[in-house]
Amino acid sequence: MNKIKHASVFITACLVGTFAYADGPTPTIRLDYLDTIDVPGLSCEIVDYCASQKLLLVTDPHWKTVDVFRVESLDPPRLTAIDFDEETPNVAEGIAMVREPTSVAVHPTLPIALVTVLGRRPGDAGTVFGFDLREGSLGRMILNQPVGAHPDSIAISPDGQYAVIACEAERDPDAPGAVWVIDLSGLTADRYARDGALPAWEVPGLKKTLRMPLCDIEPEFVGFDPQSRFAIISCQENNLLLTLDLRGTSPQFGEPIYLSAGAEPDGVCVLDNVQGPDGRTGCLIGAAEEGKLDKYGQVLGHAVSFHWLDPDRLDVAATPVSRLDMRMLTKPEDPNARRDPEAVKLTRFAGRPIAVATTERGDYLVALDMTDPVKPQLIGRCKVGDRPEGLVFIPNGEDLIAVTGDEGGYGPGTISFVRLRAEP
């Protein structure tokens with residue numbers, strides 16, 4: 001695999017705040033670009049990591065595969081692509097999906113990956129395939145599960161009980177958008193696809209919740225509360241986020257989170273135990289507002305926004321907390337350029353909450369200190385590969401590695417590695 005050398009790597013690191021951390025002041029978080037590595041296929045979008053098997057999985061929509069890499073080292077990054085087709089010499093082909101894979105999610109406790117795949121024609125039902133990730137049976141199919149039209153994103157609850165799928169149905173104006181849930185309580189790595197489907201259903205009440213025809217609703221991306229109490233689903237064409245309560249006997253929708261006109265949210269995420277504007281403890285919701293150009297050529301969206309939500313009152317609207325223009329955070333000298341934020345992740349690192357976001361245009365990764373969610377502070381930014389879309393965090397000792405799946409247009413797709421390190 002070839003490594004791409006960037007002509008320039010722009011890295012900014014700054015000290016933010018003087019809050020308590022262990023036995024001393026809060027350390028600086030340093031952001032360092034490590035490397036960008038070509039993938040065997042033409043593209044790379046969604047990424048996820050199986051820690052128990054040290055495997056990195058990425059979707060390749062052009063070759064219609066899920067590429068699997070053995071992670072030999074994270075710092076410096078060293079990957080070995082695993083070949084699932086020995087008939088093609090000198091090329092490491094991934095797990096063939098026949099049709100386009102749109103998302104991949106690794107189970108939090110089992111060596112299993114779930115992959116969403118489009119139907120044969122626009123409007124056809126999609127499929128969730130499950131694969132064994134263990135050494136001796138890597139790539140063996142264990143699940144073949146029908147779901148709704150054009151499944152665009154899948155995520156698994158941290159407790160492993162549910163998979164939630166955003167079925168966008170975007171290629172057929174007559175196909176209804178939907179949110180599907182799969183009960184994973186009976187899932188094991190030892191099952192076979194011939195064992196049949198798991199309990200799965202379309203969550204009712206979407207039309208009533210949003211008060212619009214189902215064919216106009218396009219669920220896009222799924223994020224989970226770290227305590228598995230609820231999921232957040234972005235609806236890109238509808239400028240809103242859905243809340244899905246997973247407690248009780250059956251998942252049900254809560255109050256939507258409405259965003260500004262033209263926001264067109266893509267990636268979403270949740271961080272728990274965050275103090276809200278009124279002093280109560282709840283959840284911080286992050287949304288990557290991909291945005292668009294309006295009919296006058298003005299750029300809309302292109303921001304990351306944050307909202308505070310009471311997890312015990314999902315029937316009450318979330319409180320807007322802050323919204324940052326990604327054009328100003330990445331290239332302020334060109335404020336009218338598109339940035340198209342794709343992914344955003346929230347976590348805790350170095351004693352504080354942080355957010356990391358990617359921009360599909362401009363090829364940036366941006367890290368923010370969220371200690372005060374009302375006034376996020378820039379930690380740093382750096383260039384990654386061409387058109388970053390997917391994003392996953394991988395702990396590496398005391399460091400945190402941010403890994404992006406870079407679409408790369410029609411090739412080559414790449415995987416980029418950025419290190420977050422706490423320094424005194």
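Author: Start with strands. Helices (H or I, at least four residues) and strands (E, at least two) are DSSP runs, numbered from the N terminus. Two strands pair if DSSP finds at least two bridges between them. This is a predicted model, where local features need pLDDT of at least 70, side-chain atom pairs count only at pLDDT 80 or more, and totals for chains, interfaces and linings use all residues. Residues are numbered from 1 along each chain as its sequence is written, and side-chain values use heavy atoms, with hydrogens and water left out.

Reader: How do you know that strand 19 and strand 20 pair?

Author: Pairing takes at least two bridges. Strand 19 and strand 20 (residues 252-253) have two bridges, in the antiparallel sense. So by the definition they pair. Aspartate 245 stands opposite glutamine 252 of strand 20. The two strands form a hairpin with six residues between them. In its turn, glycine 248 has a positive phi of about 90°.

Reader: Which sense does the pairing of strand 18 and strand 19 have, and over how many bridges?

Author: Strand 18 (residues 230-235) pairs with strand 19 in the antiparallel sense, over six bridges. Serine 234 has leucine 241 in strand 19 as its bridge partner. This hairpin has four residues between the strands, and asparagine 239 takes a positive phi near 55° there. Strand 19 is also joined to strand 21 (residues 257-258) by two bridges, running antiparallel. There, leucine 240 is partnered by tyrosine 258.

Reader: What makes strand 19 largely enclosed?

Author: Buried means under 20% relative accessible area, exposed over 50%, and partly exposed in between (1.4 Å probe, protein chains only). Six of the six residues of strand 19 (residues 240-245) are buried, so the rest of the structure largely encloses it. Both faces are covered. Leu240, Leu242 and Leu244 are buried on one side, and Leu241, Thr243 and Asp245 on the other.

Reader: Why does glutamate 264 count as buried?

Author: Its relative accessibility is 12%. The cut-off for buried is under 20%, so glutamate 264 qualifies. Glutamate 264 sits in the loop between strand 21 and strand 22 (265-275). Contact means heavy atoms within 4.5 Å. Not counting residues up to four places away in sequence, glutamate 264 touches several residues, including Gln236, Asn239 and Lys292. Its phi is near 45°, a positive value in a residue other than glycine.

Reader: Why is asparagine 396 called partly exposed?

Author: Its relative accessibility is 27%. That value lies between 20% and 50%, so the label is partly exposed. Asparagine 396 belongs to strand 32 (residues 388-396). Leaving aside neighbours within four places in sequence, asparagine 396 is in contact with Leu74, Asp75 and Ile401. Asparagine 396 and serine 73 are 323 residues apart in sequence, with 9.4 Å from C-alpha to C-alpha.

Reader: What makes strand 13 and strand 16 edge strands?

Author: Four strands form an open sheet in the order 13-14-15-16, with antiparallel pairing. Strand 13 (151-156) and strand 16 (200-202) each have a single partner strand, so one side of each lacks a neighbour in the sheet. Strand 15 (residues 178-183) is joined to strand 16 by three bridges. One of the pairs is isoleucine 182 with alanine 200.

Reader: How many cavities of 30 Å³ or more are there, and what makes a space a cavity?

Author: On a 1 Å grid over the protein atoms alone, a cavity is a set of points where a 1.4 Å probe fits but cannot get out. The structure holds one of 30 Å³ or more. The largest cavity has about 60 Å³ of space, where a volume is the space filled by probe spheres set on the points, joined across faces, edges and corners. Lining residues have an atom within 4 Å of a point. There are 13 of them, and Pro122, Gly123, Asp124, Ala149 and His150 lie nearest the centre.

Technical notes
On a 1 Å grid over the protein atoms alone, a cavity is a set of points where a 1.4 Å probe fits but cannot get out, and a pocket is an open set with protein on both sides within 12 Å along at least five of seven lines; lining residues have an atom within 4 Å of a point.
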